[in-house]
Amino acid sequence: MGTSIREGNVIGVNGNMVAVNFNENVMQNEVAYVVVGEERFKAEVIRVKGKSADLQVFEDTTGIMIGNRVEFSGDLLSLELGPGLIGQVFDGLQNPLPQLAEKYGFFLKRGAYLKALDYEKKWEFTPSVQVKDKVHAGDSLGTVPENMFKHRIMVPFDLKGEFEVIKILEKGDYSISTKVASLKDEAGKTHDVTMVQSWPVKIPIKAYVEKLKPVEPLVTKLRLIDTLVPVAVGGTFCTPGPFGAGKTVLQHLLSRHAEVDLVIVAACGERAGEVVEILEEFPELIDPKTNRSLMERTIIICNTSSMPVAARESSVYTAVTLAEYYRQMGLNVLLLADSTSRWAQAMREMSGRLEEIPGEEAFPAYLESRIASFYERAGLVKLRDGGKGSVTIGGAVSPAGGNFEEPVTQATLKVVGAFHGLSRDRANARRYPSIDPLDSWSKYTSFIDSDKVKKGQDILKKSNSVDQMMKVVGEEGTSTGEFIDYLKGEFLDFVYLQQNAFDKTDEATDAKRQKYIYDIIVNIIDKEFKFENKDDARRFFMELRQMFINMNSVNFESDEFKKNEQEVQSKISV
Ligand code: ADP
Ligand code: MG
């Protein structure tokens, strides 16, 4: 923590980069303020060279001049962590956006930093430890209800060693700055604990016992993902895709339907207005699990392209730090970043201004390691109380022209556990979700038996190769057997892989229902149909497809479902 104020002076300005001279010591990544008249602009030290440093200013730097005073804080760029984060919309520096937007529109006033949390509000605290108990960093001292969660008030993550509880407040309503506990360290020193702690965004929170291998499937309720390219609880995945292929729609579906406790959305808009859309749309969304607002289990970190590049760069760190904080409470958190290409572009811009030696496509040489260390913050962890928590990270990637051979996509593919590549062709054919079922892959296991998954993959491959062949030799050039394989693959795609995001029932399929209908499909794939000719075969599968689609749009437990299923069964038994 900073004690004495250390100062410097601006010696150069280049976009958001400000060069500063100073006399004392300055720390890499510490927060500094550039003072311009009455205003103080937040900045971060990103490079120290002898007695000068480069700072990135999180603001429009218009008006900053040579000679302006700079104050170094001694603190790393940090978040305020405490009850009241859920349901909020923050920018990359944890300024609550709607409050600012009300006053200033969607453009932040320069130098306006609002507290992330409400310091007036009272929370009902229930202690979970007693005087004389021994505790460590990350252990719960008590809880307050935050929406449907028990928000744990934890021993600050930066306290090292064992502590004895020497004072703990009894149950009651307190504001977050109230000292709820006092702890004594091994040397006899006392530490007061409030309901809010601060944590540097670029350092992972590691107050857990160990990281466990992510093995349990995370049910997303999107059939294509869950069956063919599954995600694990605490795992990572990426969604590269060309502009307009459906990355954002897919992430919204995941945020609504994936079986997790909390969703954190890091939105770096691709289009102007996209972020405003999110702010308008999300509060309207209903959580299908609770029938209440989805925002009750969501936090949004929002950046528009009009925000300074440095604020954009920090937003993914802000998002993942919030995710780790709630993981520490035993929750399963899903972090969705859209789009990480924007983040990489922010790195590129900053690196350019620092005149660093550029790597491929002018991205900095450390691009790969930054991407890796972001995804490494995902994970399933065992907590000290024996419970578990997880952070699952999914990142959209938007390579220019949809070419996956570019540095951001390639660096991401090296570190993630699943690749959901969106295909322009599928999107153009309105086959949604437009994840390419043949190119995409996952290192995780599905809740569907692997031999059945393989049957699906095999028929898709066969179907695709017959399709390619027909483009050359026409339908006449294929045998009836080949043509049936083609129809089976198309059938699997239309009735199972594709999902109608606008149908209340079809948009999300739970694990039980997926297993059930996938079994019927595998029976169809396995069955040797005898048709007189290709037209008969085509007609048969068209009728079957319609029956299946009817079945997909009714409730699983309903009589209608049974009726539809009987029709399907009798159709395939002839
Ligand atoms: P991206 O984020 O990849 O640029 P979007 O997610 O914004 O693309 O999708 C672009 C458009 O494609 C949407 O506005 C919508 O019309 C259509 N679309 C994408 N996914 C779906 C889907 N699952 N169902 C129906 N339409 C979709
Ligand atoms: Mg998008």
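**Close-up views of aromatic pairs and helix packing**

**View 1. The neighbouring rings of Tyr325 and Tyr326.** Both Tyr325 and Tyr326 are buried in this model, which is a predicted one. Their ring centres lie 5.2 Å apart and their planes stand at 75°, so the pair counts as edge-to-face, given that planes over 60 degrees apart fall in that class.

**View 2. The ring pair of Phe157 and Trp199.** With ring centres 5.9 Å apart and planes at 80°, Phe157 and Trp199 form a pair that is therefore edge-to-face. This pair joins distant parts of the chain, since Phe157 sits in the loop between β12 (149-154) and β13 (163-168) whereas Trp199 belongs to strand β17 (residues 197-200), the two being 42 residues apart. Phe157 is buried, and Trp199 is buried as well. The count of aromatic pairs in the model comes to 23.

**View 3. A cluster of phenylalanine rings.** Ring pairs connect Phe491, Phe529, Phe531, Phe540, Phe541 and Phe548 into a cluster. Among these residues, Phe491 of α11 and both Phe541 and Phe548 of α13 also take part in the contact between those two helices, which is the subject of the next view.

**View 4. The packing of helix α11 on helix α13.** Helix α11 (residues 480-497) and helix α13 (residues 534-552) have axes that come within 10 Å and cross at roughly 15°. Because angles under 35 degrees count as roughly parallel, α11 and α13 are placed in that class, and their crossing is right-handed. On the α11 side the contact is made by Thr480, Phe483, Ile484, Leu487, Lys488, Glu490, Phe491, Phe494 and Val495, and on the α13 side by Lys534, Ala537, Arg538, Phe541, Leu544, Arg545, Phe548, Ile549 and Asn552. Sorted by class, the residues of this contact comprise 11 nonpolar, 2 polar and 5 charged.

**View 5. The packing of helix α10 on helix α12.** Helix α10 (residues 450-473) packs with helix α12 (residues 511-526) at an angle of about 55°, and the axes of the two are 10 Å apart. That angle makes α10 oblique to α12, and the crossing of these helices is left-handed. Lys452, Val453, Lys455, Gly456 and Ile459 of α10 make the contact with Tyr518, Asp519, Val522, Ile525 and Asp526 of α12. The residues of the contact between α10 and α12 divide into 5 nonpolar, 1 polar and 4 charged.

Terms used. Residues are numbered from 1 along each chain as its sequence is written. Chains are lettered from A and ligands numbered from 1 in the order in which they are written. This is a predicted model: local features need pLDDT of at least 70, side-chain atom pairs count only at pLDDT 80 or more; totals for chains, interfaces and linings use all residues. Side-chain values use heavy atoms; hydrogens and water are left out. Axes are lines fitted to C-alpha atoms, for helices over the stretch in contact, and angles run from 0 to 180 degrees between N-to-C directions. Helices (H or I, at least four residues) and strands (E, at least two) are DSSP runs, numbered from the N terminus. Angles under 35 degrees count as roughly parallel, over 145 as roughly antiparallel, 65 to 115 as roughly perpendicular and the rest as oblique. A crossing is left-handed if the near helix is turned anticlockwise from the far one by less than a right angle, and right-handed if clockwise. Contact means heavy atoms within 4.5 Å. Ala, Val, Leu, Ile, Met, Phe, Trp, Tyr, Cys and Pro count as nonpolar, Asp, Glu, Lys and Arg as charged, and the others, Gly among them, as polar. Rings of Phe, Tyr and Trp (its six-membered ring) pair if their centres lie within 6.5 Å; planes under 30 degrees apart count as stacked, over 60 as edge-to-face and the rest as tilted. Buried means under 20% relative accessible area, exposed over 50%, partly exposed in between (1.4 Å probe, protein chains only).
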